[in-house]
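Here's a quick briefing for anyone meeting this structure for the first time. Have a look at the model, then work through the topics below.

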Amino acid sequence: MKMRKIKDLTLRGLTWLCAGVTAAMLLFLLAYILLKGVPHIKPSLFALHYNSENVSLFPALVITVLTVALSLLIAVPLGVFAAVYLAEYAKRGSRFVRLVRTTAETLAGIPSILYGLFGSLFFVAWLGWGYSLLAGSCTLAIMILPLVMRTTEESLKAVPDSYREGAFGLGAGKLRTVFRIILPAAAPGILAGIILAIGRIVGETAALIYTLGNTADVDPSRGLFTSGRTLSMHMYSLANNALYTDQAYATAVVLLVVVIGINALSAFLAKKIVKR
Amino acid sequence: MISGITVKNRSVREPVMRWVFTVSALTAVLAVGLICVFLFAGGFPAIGKIGVLKFLTGTVWKPTYDDFGILPMIVGSLYVTAGAILLGVPVGIFAAVFMAKVCPKPLYGFMKPALDLLAGIPSVVYGFFGIVVLVPFVRNTFGGDGSSMVTASLLLGIMILPTVIGITESALRAVPDELYEGAVALGASHERAVFGVVLPAAKSGVMAAVVLGVGRAIGETMAVKMVAGNQTVLRAPDEFLKGVRTLTANVVLEMGYAEGLHREALIATGVVLFVFILLINLLFSALKKERTE
């Protein structure tokens with residue numbers, strides 16, 4: 001009997017220990033980077049142009065915003081419409097639905113380096129776009145598509161059927177019901193998914209190096225065909241260069257703040273759905 | 001709301017939009033198709049030219065001499081993935097039990113966002129953390145130059161934690177309470193009921209978590225590349241303090257300047273990785289099916 005008690009206590013202790021180790025790891029990582037990085041955050045880090053003396057992250061910040069915007073512009077309508085099809089129109093369990101679901105799951109499992117490889121073969125080389133904002137954004141749009149699809153579908157399914165019945169009962173058509181009743185009701189969940197997708201784009205590196213290129217400065221005259229690098233890629237270049245360790249810490253802080261903000265926003269929206 | 005076409009007539013609008021929705025759903029299928037076509041078409045010629053066996057089992061990778069053997073990288077990927085699983089899965093499972101069955105409610109409100117954040121941290125930040133913290137740590141504690149198999153495993157072990165914990169936790173929560181209550185009614189303690197009854201009942205979910213962890217670890221690129229050393233040498237398992245190169249790192253390191261057969265061989269490296277991933281996906285969906293049935 002005593003042995004068993006010891007065993008129970010050990011097991012319970014182990015669960016506390018492992019959860020504690022996990023939390024401690026996160027806190028250590030955050031604290032380490034914040035403590036080392038915050039003192040190096042200077043206004044010059046946000047200077048308009050990048051050069052080897054002042055490795056400004058501003059151009060990277062602009063490219064990040066543009067990449068996020070462009071990727072969402074492509075992926076959100078496609079993903080939301082696809083989810084509307086799956087949740088509202090498709091016959092449950094039909095062969096086409098199964099195919100769409102299987103391929104979406106496959107997409108979700110593909111690592112980002114393979115997206116990068118595909119993007120560089122298809123958008124950069126085959127379509128001849130070169131390393132460009134457009135090629136990078138299209139690559140990322142495919143990458144986040146399954147995420148947008150899945151979160152949207154889940155939010156659509158969470159909308160009670162009484163909403164649909166009510167709309168039909170009042171004489172609204174299917175399309176009107178979808179756009180005026182169901183999508184607005186599902187909006188917070190869809191938004192939470194989109195914000196998660198933004199987080200993935202902001203954190204992405206491997207899929208972009210050979211699609212967006214990895215150039216430090218931006219050439220605005222080339223428009224969508226300018227190459228560039230996002231904040232994560234900027235961070236990657238700095239981290240691999242011993243000259244810029246301080247700036248790398250500072251850039252890591254900025255990146256972490258952005259990611260934490262995005263996470264908090266997504267969690268806030270997700271909570272809003274649960275409440276309703 | 002319905003942009004572009006301003007069709008007034010409902011009898012036209014309905015089928016048109018239905019068609020738009022269907023086509024949108026097709027993009028996922030189209031994307032997978034294109035990815036398969038372009039990766040396979042880009043990689044197969046090189047495998048043909050080099051020879052399947054020579055490519056997959058060759059131990060020398062020297063592009064300047066037209067030596068394209070990727071066995072060191074295949075083995076390298078397997079080593080760091082195995083290491084990550086060895087370190088991450090036990091910790092992850094215990095932590096998941098904590099989250100689902102032990103954690104006091106107020107603490108849960110802190111742990112859940114913490115895990116989400118752990119999942120959201122970009123891999124370059126993990127890689128940078130690896131360079132400035134883990135590499136010196138491994139160098140000073142175990143010797144070697146610090147950029148090694150074990151460093152990469154350690155970092156990947158941390159990175160897969162949120163995946164493993166998240167899926168295991170939801171699998172544990174999906175086990176009907178009756179099982180736990182029954183065990184307790186039969187005189188089992190809380191721990192015994194959880195570890196002896198609930199955890200085994202969630203077995204396929206736990207397996208799915210491991211499989212997904214494997215997928216994440218084997219596909220991770222930047223963080224691994226930053227701490228693994230990247231030597232293209234075939235290592236034995238006991239050389240865990242030496243550097244290895246993974247399949248992913250091979251692509252990202254050389255794709256920027258590779259030309260001709262070298263470039264094709266790198267795409268073929270991606271194809272090998274892709275096949276691994278497809279197998280892992282297949283395994284994962286099989287496990288999921290078992291769970292829902």
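Helices (at least four residues) and strands (at least two) are DSSP runs, numbered from the N terminus. With that in hand, the elements of chain B read α-α-β-β-α-α-α-α-α-α-α-α-α-α from the N terminus on. Keep in mind that this is a predicted model.

**Chain B as a whole**

- Chain B comes with 12 helices and 2 strands.
- Chain B has 293 residues, and 53% of them count as buried.
- Take the contacts in chain B between residues at least 6 apart in sequence: 72% of these join residues at least 24 apart.

**Where the two chains meet**

- How many residues does the contact take from chain A and from chain B? Chain A puts in 75 residues, and chain B puts in 80 residues.
- Between them, chain A and chain B bury about 6,900 Å², and 80% of this is on carbon and sulfur atoms.
- The interface of chain A and chain B has 1 salt bridge by the rule used here. Its partners are Arg12(A) and Glu191(B), whose closest N and O atoms sit 2.4 Å apart.
- There are also 8 residue pairs in polar contact across the interface of chain A and chain B, with both residues at pLDDT 80 or more.
- Several elements of chain A give two or more residues to the side that touches chain B, including helix H1 (2-37), helix H3 (95-109) and helix H9 (245-275).
- Which element gives the most to the side of chain A that touches chain B? That's H1(A), with 20 residues.
- Sorted by class, the side of chain A that touches chain B has 55 nonpolar, 14 polar and 6 charged residues.

**Two chain A residues to look up**

- Cys18(A) is part of helix H1 of chain A. Is Cys18(A) buried or exposed? Cys18(A) counts as buried because its relative accessibility is 8%, under the 20% cut-off.
- Leaving out residues up to four places away in sequence, Cys18(A) touches Pro90(B), Val91(B), Phe94(B) and Ala95(B).
- Thr103(A) belongs to helix H3 of chain A. Thr103(A) has 9% relative accessibility, so it counts as buried too.
- A polar atom of the Thr103(A) side chain lies 2.9 Å from the backbone oxygen of Val100(A).
- On the chain B side, Thr103(A) touches Ala28(B), Val29(B) and Val32(B), again not counting residues up to four places away in sequence.

- Some background first: most residues other than glycine have a negative phi.
- Asp66(B) is not a glycine, yet it has a positive phi of about 60 degrees. You'll find Asp66(B) in the loop between strand S1 (61-62) and strand S2 (67-68) of chain B.
- Asn230(B) isn't a glycine either, and its phi is positive at about 70 degrees. Where is Asn230(B) found? Look in the loop between helix H10 (222-227) and helix H11 (247-254) of chain B.
- Asn230(B) is buried, because its relative accessible area is 12%.

Technical notes
Residues are numbered from 1 along each chain as its sequence is written. Chains are lettered from A and ligands numbered from 1 in the order in which they are written. Side-chain values use heavy atoms; hydrogens and water are left out. Contact means heavy atoms within 4.5 Å. Buried area is the accessible area (1.4 Å probe) that two parts lose on being put together, summed over both. A salt bridge is a side-chain nitrogen of Lys or Arg within 4 Å of a carboxyl oxygen of Asp or Glu. A polar contact is a pair of N or O atoms within 3.5 Å; within protein, one must be able to donate a hydrogen and the other to accept it, and residues adjacent in sequence count only if both atoms are side-chain atoms. Ala, Val, Leu, Ile, Met, Phe, Trp, Tyr, Cys and Pro count as nonpolar, Asp, Glu, Lys and Arg as charged, and the others, Gly among them, as polar. Buried means under 20% relative accessible area, exposed over 50%, partly exposed in between (1.4 Å probe, protein chains only).
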